[in-house]
Amino acid sequence: MTNKIRTAILGMGVMGKRRRDAISRHGGFELVGTCDVVPGYDFTDWKECIDKTNPDAVFVCTINSVIPDIVCYAIEQGIHVFSEKPPGRNLADTLRMEDAYNTGNSILKFGFNHRYHNSIIEAKTLINSKLLGGVVCVRGIYGKAGNVDFTKEWRNNPELSGGGILLDQGIHMLDLMCWFLGDLTVEHGNVDRLVWRNMPTEDSAFAVLKTQDGKIASLHSSAIQWKHKFDMDIIFTDGYIALNGLLTGTRSYGEERITYYHKDLEIKDGKLGNPLEHTLCFDSDNSWDYETAEFFDAVRNGKPLVNGTIADAKRVMTLVESIYEQSR
Amino acid sequence: MLKAYSFTENEGLSQRLNDKSFFSLERQLAAEFVRQHHISLSAAKNEKCPLCGSDETDLFTAIDTIPFFRCDRCWSIFAPAEQSIVDEYRAYTPITALRSSDEYQEIASVKRLKMWDELVFWFKFRSARYFGKSANFSILDIGNRYNVFREMIKSFSSEYTAVSDLVQANTEAEIVLFLTQIQYETNPIQAFEKIYSLIKPNGLLFLSARVGSGFDVLTLKGATDTIYPFEHTTLPSIKGLQISLEKTGFELLEITSPGNLDIRYVMENIEKLPDDNLFLKYLSKNSDESILTEFQRFIQKSNLSSHARLVARKKGDTV
């Protein structure tokens with residue numbers, strides 16, 4: 001008898017294929033069904049796919065508007081769920097999934113995948129170890145290049161997506177900020193269409209956030225960066241970290257690196273304002289595998305989920321909603 | 001393995017860490033010892049690579065009449081010396097007396113304090129990464145001859161044991177430090193097997209080494225003034241380290257080459273290079289400090305420096 005997790009993947013776009021590859025590399029999953037509205041897969045109807053394959057787990061890789069229905073239905077059937085972000089189009093969607101989760105017995109994990117990138121893991125290590133002191137503030141920039149058909153993408157159709165660049169990409173940065181700093185509230189938020197003026201969703205989002213004990217985070221999420229860009233600065237009481245670039249499937253966000261240095265007020269490094277910097281670069285992206293392994297361990301071995309929990313989802317969607325709210 | 005490369009942003013080329021007068025004295029004493037322990041080239045043919053086991057090795061150079069071979073497969077470099085001679089060299093009284101003298105220790109501390117600070121940070125950072133904590137380990141420190149550095153390491157350990165060489169090591173620990181020691185091991189596989197037996201399950205090995213695949217070593221060959229018998233008997237390559245550690249049951253977690261002296265070593269010995277080494281001669285004559293620094297950074301980043309460091313884990317149950 002196989003001990004593999006019988007798994008169906010719902011939504012076979014870029015993310016569905018990426019998850020399929022990751023579960024295949026892991027080896028602990030048995031793919032029992034694939035589904036997409038585009039023909040060419042085992043099913044075109046997600047409910048039929050679930051009912052007929054009766055999987056132990058599903059990977060939900062669909063557009064945002066369908067996510068809550070699938071997640072809630074799967075949990076009702078006692079199926080474990082891995083869902084891509086965002087956790088629905090809005091906070092109401094997330095709360096609906098939270099209700100289903102609370103009444104069911106399934107594992108529910110969301111794909112806040114950036115936590116598993118090597119540079120992010122190293123940053124979290126430095127934060128937790130306090131080797132550079134305590135974190136004081138974080139500033140993050142996450143930018144997209146856009147493309148000719150950008151305004152026509154489903155991601156910019158609010159009925160399907162729920163929001164624009166903030167919900168699509170800025171949400172990752174917000175999740176990391178919460179992970180690094182703790183619970184945040186929005187001090188100031190603004191979303192706007194600075195260039196794509198006829199698009200129904202925002203092309204730019206700005207926010208200043210704060211923890212209860214006074215740590216600050218600032219976010220700039222942009223669809224008008226005109227190139228792919230991921231940068232995060234983390235200021236500590238005794239040092240600094242810069243995260244630059246992110247290894248992705250397209251490799252378009254540049255080399256993934258973490259640079260750190262200690263404050264050097266006594267100029268031990270020889271020049272004021274120019275402390276010795278150390279940089280680690282990574283040429284492999286293990287994030288999909290790490291993330292898959294955590295889901296597997298939670299389902300099969302009963303290990304508690306650390307990342308991408310429903311609490312993480314609720315926390316970050318509360319921030320997203322608050323930023324949108326302040327812009328209305 | 002975590003594929004990472006590490007580099008530092010420097011304003012200019014780093015300075016040598018050795019005190020000139022002490023270094024030249026050490027060098028003289030080593031040469032004096034070598035004169036008494038000649039290895040004839042004819043007796044050293046068909047040497048197998050001590051790291052990867054390949055018998056495809058070529059004579060690389062000779063330093064103070066001692067031949068050094070290079071492995072064609074993994075690019076490690078080694079002298080075909082008996083371990084007993086290397087051990088005798090390490091215990092050679094004129095050298096040990098010099099190195100343990102107060103003046104030597106004091107000057108070494110002044111020159112190396114910043115580097116030791118950085119190394120201690122590296123131990124703590126990587127321990128936090130792989131253990132989830134940055135202090136309170138049992139540490140076995142093999143071959144560390146610097147008193148101040150030993151005290152710095154002791155300060156963040158729960159249990160600290162320092163031994164002069166691998167032969168003396170018999171205490172199990174969560175972390176074993178084997179810094180610039182593999183150069184004294186004629187049989188690195190055997191050395192790694194012993195270290196493996198000294199590390200608790202899931203414990204870590206921190207190793208640093210001069211590597212044979214590094215820029216200054218391969219460029220300068222016999223013109224080097226920093227490699228000499230029997231201070232350096234085995235100069236593993238990056239690949240040789242990887243092969244030998246995996247062969248002995250370690251999981252190699254990361255390997256980087258953050259050395260920052262390759263270009264300085266080459267530039268300081270540029271006149272000794274053959275006249276047809278035109279690129280380096282051109283570089284030396286036409287490049288300012290900033291270009292040379294950038295070149296060194298590229299070497300660091302590309303794992304091409306002759307100073308490497310790594311973290312490996314002993315597979316097994318939890319500590």
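Author: Domain bounds here come from an automatic or database domain assignment. On that basis chain A is divided into domain 1 (5–106) and domain 2 (115–285 + 316–327). The model is predicted, and local features need pLDDT of at least 70, side-chain atom pairs count only at pLDDT 80 or more, and totals for chains, interfaces and linings use all residues. Residues are numbered from 1 along each chain as its sequence is written, chains are lettered from A and ligands numbered from 1 in the order in which they are written, and side-chain values use heavy atoms, with hydrogens and water left out.

The centres of domain 1 and domain 2 of chain A, taken over C-alpha atoms, are separated by 28 Å. Their contact (heavy atoms within 4.5 Å) takes 12 residues from domain 1 of chain A and 14 residues from domain 2 of chain A. About 1100 Å² is buried between the two domains of chain A, and carbon and sulfur atoms give 62% of this area; buried area is the accessible area (1.4 Å probe) that two parts lose on being put together, summed over both. On the side of domain 1 of chain A, the residues that lose the most area to domain 2 are Lys85(A), Arg89(A) and Leu91(A), together 47% of what that side buries.

The largest nonpolar core has 73 residues. Such a core is a set of buried Ala, Val, Leu, Ile, Met, Phe, Trp, Tyr and Cys residues joined through side-chain atoms within 4.5 Å, where buried means under 20% relative accessible area (1.4 Å probe, protein chains only). Phe180(A), Ile234(A), Ile241(A) and Leu243(A) touch the most other members of this core. Helix H7 (residues 165–181) of chain A gives the most to this core, with 11 residues; helices (H or I, at least four residues) and strands (E, at least two) are DSSP runs, numbered from the N terminus. Each of domain 1 and domain 2 of chain A supplies at least three residues to this core.

Leu243(A), leaving aside its neighbours within four places in sequence, is in contact with residues including Phe180(A), Phe230(A), Met232(A), Ile234(A), Arg257(A) and Ile258(A).

Chain A also holds an open sheet of 5 strands, in the order E2-E1-E3-E4-E5, with parallel pairing. Its edge strands are E2 (29–35) and E5 (108–111) of chain A, each of which pairs on one side only. Strand E4 (residues 80–84) of chain A pairs with E5(A) over 4 bridges, two strands being paired if DSSP finds at least two bridges between them. Glu84(A) stands opposite Gly111(A) in E5(A).

Terms used: Buried means under 20% relative accessible area, exposed over 50%, partly exposed in between (1.4 Å probe, protein chains only).
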